[in-house]
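Please look over the sequence and the model below.

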Number of protein chains: 4
Amino acid sequence: MSGDSIGKLFKVTNWGESHGPALGCVVEGCPSGLSLSEDDIQPFLDRRRPGQSQLVTQRKEGDKVRILSGVVDGKTTGTAISLMIENNNPRSKDYSEFAKLFRPSHADFTYQKKYGIRDVAGGGRSSARTTAANVAAGAIASKLLASQKIEIVSWVEAVGDIQSTMSPDKVTTALVESNPVRCPDSNVVNQMEEKILEVRKQGDTIGGVVRCVVRNMPLGLGEPLFDKLEADLAKAMMSINASKGFEIGSGFEGTKMHGSEHNDIFYKNEAGEVKTHTNYSGGVQGGISNGMDLDFKVAFKPVATLMQNQQTVDLEGNPIEYHGRGRHDPCVLPRAVPIVDAMTALVICDHWLRYRAYQS
Amino acid sequence: MSGDSIGKLFKVTNWGESHGPALGCVVEGCPSGLSLSEDDIQPFLDRRRPGQSQLVTQRKEGDKVRILSGVVDGKTTGTAISLMIENNNPRSKDYSEFAKLFRPSHADFTYQKKYGIRDVAGGGRSSARTTAANVAAGAIASKLLASQKIEIVSWVEAVGDIQSTMSPDKVTTALVESNPVRCPDSNVVNQMEEKILEVRKQGDTIGGVVRCVVRNMPLGLGEPLFDKLEADLAKAMMSINASKGFEIGSGFEGTKMHGSEHNDIFYKNEAGEVKTHTNYSGGVQGGISNGMDLDFKVAFKPVATLMQNQQTVDLEGNPIEYHGRGRHDPCVLPRAVPIVDAMTALVICDHWLRYRAYQS
Amino acid sequence: MSGDSIGKLFKVTNWGESHGPALGCVVEGCPSGLSLSEDDIQPFLDRRRPGQSQLVTQRKEGDKVRILSGVVDGKTTGTAISLMIENNNPRSKDYSEFAKLFRPSHADFTYQKKYGIRDVAGGGRSSARTTAANVAAGAIASKLLASQKIEIVSWVEAVGDIQSTMSPDKVTTALVESNPVRCPDSNVVNQMEEKILEVRKQGDTIGGVVRCVVRNMPLGLGEPLFDKLEADLAKAMMSINASKGFEIGSGFEGTKMHGSEHNDIFYKNEAGEVKTHTNYSGGVQGGISNGMDLDFKVAFKPVATLMQNQQTVDLEGNPIEYHGRGRHDPCVLPRAVPIVDAMTALVICDHWLRYRAYQS
Amino acid sequence: MSGDSIGKLFKVTNWGESHGPALGCVVEGCPSGLSLSEDDIQPFLDRRRPGQSQLVTQRKEGDKVRILSGVVDGKTTGTAISLMIENNNPRSKDYSEFAKLFRPSHADFTYQKKYGIRDVAGGGRSSARTTAANVAAGAIASKLLASQKIEIVSWVEAVGDIQSTMSPDKVTTALVESNPVRCPDSNVVNQMEEKILEVRKQGDTIGGVVRCVVRNMPLGLGEPLFDKLEADLAKAMMSINASKGFEIGSGFEGTKMHGSEHNDIFYKNEAGEVKTHTNYSGGVQGGISNGMDLDFKVAFKPVATLMQNQQTVDLEGNPIEYHGRGRHDPCVLPRAVPIVDAMTALVICDHWLRYRAYQS
């Protein structure tokens with residue numbers, strides 16, 4: 001009820017804080033017999049890890065994952081899989097200054113008011129570091145989905161007002177990984193990189209948009225009322241730190257269209273499958289996947305920690321000035337890509353198991 | 001697991017189809033001792049009801065709610081409240097033509113493929129008519145929240161590309177209800193109305209955006225990881241039929257901002273409360289309400305049913321032409337307003353009860 | 001959270017009170033394509049209905065079930081099935097006397113203290129009448145299980161200290177239904193019947209034990225830790241009104257045995273299947289069904305309503321005398337049999353769907 | 001869904017196997033501000049630990065608990081608490097013999113059939129060693145309940161056919177802990193001890209009964225339908241390894257009584273509280289606690305591992321002889337006491353938080 005779990009049949013229970021001794025998660029519902037070792041998970045964590053380029057924070061997080069249960073002789077046993085990532089730099093005294101104030105647009109104020117106490121170091125439970133465990137769980141989900149040929153590809157579509165117009169069909173994981181921005185579009189990637197370096201130099205930050213497509217989606221995933229596939233995706237995406245918006249298919253732009261333009265017209269393709277000419281639906285109709293690619297976007301706000309002086313208040317509400325310290329992301333987008341991938345994998349995997357349960 | 005329930009402590013289980021004998025829901029978790037009768041619920045249903053103006057469908061849905069359990073002598077007993085709305089026009093033979101084809105951008109195709117069977121009449125379970133039960137449940141939640149002075153106001157902010165720029169602070173329920181568009185902004189409401197009548201004349205449809213604010217929000221609602229308040233709101237909104245996007249606070253536009261502009265700076269107001277000068281956060285920080293107004297938007301696509309000929313396929317995937325019939329909404333926006341209100345009330349009420357459970 | 005639902009993949013949400021306008025339930029998770037009509041459910045309700053013999057209450061409860069959703073053209077659609085049973089004799093003024101006191105060993109006192117209000121008529125939500133909806137849901141589960149050849153048989157094994165020693169293997173539904181006690185053992189059924197009539201004449205009541213076996217149980221149902229099959233069965237049985245105990249296999253008697261006697265020795269039968277010579281495990285090992293018959297017992301206390309004077313207290317705790325009225329069961333056991341059947345069907349069906357989800 | 005979690009508001013997610021690198025659990029829902037350190041938990045684990053006397057297994061399990069999250073500066077933060085216990089003797093090669101056969105009345109056969117794979121070492125996930133994590137979680141629940149003056153006391157009431165007749169009112173934790181049997185009744189404790197040593201000498205095992213009372217129970221815990229307090233207790237108890245039965249209050253013996261004897265008559269005590277003269281209800285009426293002591297019993301079968309030759313089958317179902325090895329419990333009862341305590345604390349704590357959420 002305290003909301004540390006996501007999923008029903010493929011369920012992840014996340015625990016841990018930024019600067020505690022460790023963080024991790026328990027993954028329930030992975031069928032038995034899947035080959036699994038730390039080597040399957042580590043590359044996913046490495047993609048999320050800070051310090052990969054100048055564009056993101058230079059903090060070093062080793063992020064070595066350990067499988068503590070649910071796997072024997074390299075195979076899943078069907079029981080709960082416990083994943084743990086030890087923190088190399090546990091709680092220190094560095095944060096005493098921050099204990100006395102509420103950083104703007106962070107969770108300091110809300111945690112203090114809700115709980116009467118907060119873990120100051122690195123933001124504690126509110127830190128985006130908790131997403132590392134989700135990425136690890138997502139690696140397992142991804143391996144299951146890969147066995148079904150389902151492919152998830154996310155990329156940076158916008159940084160600030162620099163927008164890629166590349167067709168999703170042309171995006172490959174290789175193109176995404178070909179540059180530190182994780183934007184596959186060579187027309188804009190340099191501008192994006194310059195923009196990030198520019199705000200970084202100013203001690204400032206910038207937001208952006210991640211787009212995700214899921215290919216080879218099976219037909220029939222999602223439930224009629226509240227657990228529509230797009231509803232569960234929206235929840236998963238909006239649970240990522242710094243996300244402020246979600247849209248699927250035509251999204252907010254589609255609200256300006258007429259129905260006669262917007263309707264996705266069905267046809268039978270050469271393989272005899274029913275497909276649609278356009279995909280304004282984003283791969284979901286009536287809450288249920290229609291066999292077209294899933295296609296959705298997630299908005300990420302600019303990171304709240306600046307290397308600038310900012311006004312704020314202390315614990316009593318009195319004005320105080322504060323200046324960000326340490327090594328932070330000028331732009332969270334490149335590192336958000338593997339997180340979006342992971343959360344997508346968790347949702348699809350959960351609904352895939354649900355589908356199996358009910359099929360005749 | 002089939003996803004007919006939403007909420008954990010305040011839980012709604014929805015059942016029913018468009019043209020079945022009845023539809024309704026079971027509301028669990030309403031505390032005992034609340035005054036409640038059908039008269040508390042009916043006005044909410046009347047707001048959602050079709051046929052209120054030329055802008056929306058002229059279908060007549062009586063939508064008379066009955067309370068079947070959980071209330072004695074005009075007070076809730078703390079046990080499950082069953083609400084039922086009988087359908088006046090249950091399943092008829094009118095739909096035999098539609099049984100043979102898949103209407104574009106409806107759920108016909110996905111339901112048929114997922115279940116191997118579908119209730120053709122009025123879209124069955126995929127019909128937006130199922131939202132009537134949610135509105136009824138939302139009425140109960142709203143009454144509980146009103147006792148806490150929490151106020152929810154939604155309105156139509158855009159129809160197609162006609163956009164209101166009215167400040168949310170100036171919007172009142174009275175203004176929203178002062179015209180059939182449910183747009184409080186006198187600068188644009190006439191244009192919106194004309195636009196809707198125009199597309200209606202063409203047998204076409206148009207989308208738009210609903211905006212919602214929640215005033216007198218208590219501090220501390222929402223949970224750190226997956227059940228962030230905005231994540232649960234996003235899920236609830238994306239579960240509404242025809243919704244394609246959700247954004248909170250600065251949303252997609254905020255991605256273009258620098259952190260130095262975007263951060264909401266804290267200050268102490270005259271009442272000694274900590275508030276923020278701006279509200280790009282939309283009332284939520286770290287997933288938890290910060291005492292500012294909640295402020296979010298929901299995108300609705302243009303309705304899929306057109307009074308025009310459209311190409312589609314039959315059950316075997318062969319081309320067939322189809323023409324919408326009956327009385328349908330040219331624009332779903334005015335009727336979406338009470339649905340957004342209701343879903344918001346359900347989410348807030350659930351988190352308010354969760355808050356109570358854990359407070360020291 | 002208010003506990004009106006049972007099951008995860010096959011989920012039943014129960015609503016209603018003894019003397020409200022109606023009671024019922026929502027059944028989620030029934031796969032599509034099952035033939036289903038009221039005629040499939042009504043016989044199950046008829047078995048539970050009062051007034052079937054002198055041994056049970058003479059109240060008339062019509063208990064006509066209506067299917068309000070989830071079925072089209074005689075087939076389930078895969079969506080939520082709403083079942084409703086209208087109460088013929090809704091709330092009357094007969095209960096004003098009982099409003100002033102707490103009947104011993106009823107729920108009057110606890111409901112009043114928990115909720116500050118209670119539905120006096122017929123016990124309201126605490127009435128065993130709420131089990132009618134579970135029996136209706138159980139009918140659907142039974143139909144699904146019958147398609148898997150799974151057979152559930154419950155019977156009265158003891159009334160007071162009169163105990164059947166009939167081997168479970170010899171019990172058939174026909175034998176159970178051959179007499180109003182629902183005891184298949186001709187050696188003791190007459191004594192049981194006399195005992196019940198005797199306590200009835202005295203205005204008294206008597207308890208007893210229901211035993212249940214499940215035949216053709218598939219291997220592998222149940223989960224390792226908390227959702228062991230026997231744990232979910234125990235919860236379901238202990239949720240039946242008036243139940244005070246649950247035991248599986250050797251149960252409480254088995255605690256007196258040595259391990260060397262108690263272990264169920266494996267062997268291969270002629271069909272090449274691994275079975276056990278004895279079944280002290282009751283068909284479950286490590287929480288998971290082993291392919292032997294499930295075999296468990298449920299203890300039912302004597303009914304609390306007596307046709308005798310009894311001491312109790314009024315709302316202020318002052319002594320007051322009270323005398324039961326109306327038509328009540330001198331022994332709940334015969335009518336408990338179809339309820340145990342139903343709850344068993346719900347649990348098995350839920351775990352069967354869970355099994356399907358995870359199978360490779 | 002794979003059933004590794006118990007509780008709704010106070011939720012425990014258990015992970016780990018007998019001989020894996022570690023085991024543990026995630027505890028959600030502990031309110032913030034509770035003083036908590038490993039020192040609060042360790043004594044509970046020490047009570048459960050093997051090797052405390054000749055009556056139980058001589059295996060050494062260090063069982064040192066670590067708190068990995070959710071606690072800062074000695075106080076809970078309100079976020080997920082991760083507990084880990086490292087296994088000192090992780091998977092070895094000792095178990096290769098057991099990999100080839102199914103031990104009688106263990107989970108070897110059912111796990112192999114359900115999952116197609118099993119963790120042979122020490123029984124893997126089916127080992128009672130997994131209860132260590134539940135005991136650790138129970139320590140946190142107990143600390144919360146102690147702040148409400150709620151006291152849980154469990155003890156061994158029977159070993160084989162040796163039965164204590166001591167009145168529950170006279171049992172104290174000190175008496176329970178005064179001997180290695182954990183039976184507070186000096187009239188039978190020596191016989192019990194001799195019995196256990198006798199079966200141990202024979203390489204055999206023996207079962208028994210644990211009784212539990214909960215004192216200073218608040219009124220009003222439990223829900224009307226499926227989450228009756230006794231239903232959730234039954235589930236929790238039946239999820240403990242080797243348990244075969246649960247009864248509350250009068251239990252199975254009460255089925256032999258007449259209603260006129262069995263009804264618990266209300267009266268007002270000197271403090272002006274309504275109490276009952278007898279407690280055949282076991283502290284629960286209508287599924288809700290009535291303010292009397294909770295009083296229930298759990299049956300434990302004799303341990304399946306014998307130091308004797310036993311017939312069984314190999315993986316192909318062919319006969320094979322097997323002889324238990326290692327150090328095992330001749331009687332699980334003394335160590336079951338702290339496990340029953342812990343599971344009781346988890347259930348009560350969950351329902352206490354649920355009560356808080358709904359109270360007006």
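## A helix across strands in chain D

Helices (H or I, at least four residues) and strands (E, at least two) are DSSP runs, numbered from the N terminus. Axes are lines fitted to C-alpha atoms, for helices over the stretch in contact, and angles run from 0 to 180 degrees between N-to-C directions. Contact means heavy atoms within 4.5 Å.

Residues are numbered from 1 along each chain as its sequence is written, while chains are lettered from A and ligands numbered from 1 in the order in which they are written. The model being predicted, local features need pLDDT of at least 70, side-chain atom pairs count only at pLDDT 80 or more, and totals for chains, interfaces and linings use all residues; side-chain values use heavy atoms, with hydrogens and water left out.

An open sheet of 10 strands has antiparallel pairing and the order β10(C)-β9(C)-β11(C)-β17(C)-β12(C)-β12(D)-β17(D)-β11(D)-β9(D)-β10(D). Its edge strands are β10 (162-163) of chain C and β10 (162-163) of chain D, each of which pairs on one side only. Two strands pair if DSSP finds at least two bridges between them.

Strand β9 (residues 151-159) of chain C runs antiparallel to β10(C), joined to it by 2 bridges. C:A158 has C:Q163 in β10(C) as its bridge partner.

## A sheet within chain B

Chain B holds an open sheet of 5 strands, with antiparallel pairing in the order β1-β2-β3-β7-β4. Because β1 (5-6) and β4 (65-67) of chain B stand at the edges with a single partner strand each, one side of each is left without a neighbour in the sheet.

The partner of β4(B) is the antiparallel strand β7 (residues 81-86) of chain B, joined by 3 bridges. Here B:I67 stands opposite B:L83 in β7(B). Helix α1 (residues 38-48) of chain B lies across β4 and β7 of that chain, at about 150° to β4(B).

## Where chains A and B meet

Between chain A and chain B, 107 residues of chain A are in contact with 107 residues of chain B. The two chains bury about 8400 Å² between them, 61% of it on carbon and sulfur atoms. Buried area is the accessible area (1.4 Å probe) that two parts lose on being put together, summed over both.

There are 6 salt bridges between chain A and chain B, a salt bridge being a side-chain nitrogen of Lys or Arg within 4 Å of a carboxyl oxygen of Asp or Glu. B:D232 forms a salt bridge with A:K235, with the closest N and O atoms 2.5 Å apart. Strand β12 (residues 243-248) of chain A also pairs with strand β12 (residues 243-248) of chain B, in the antiparallel sense over 3 bridges. In this pairing A:F246 stands opposite B:F246.

## Where chains D and A meet

At this interface, 40 residues of chain D are in contact with 40 residues of chain A. About 3100 Å² is buried between chain D and chain A, 60% of it on carbon and sulfur atoms.

Several elements of chain D each supply at least two residues of the side that touches chain A, among them β3 (22-28), β7 (81-86) and α2 (108-115). The most comes from β2(D), with 5 residues.
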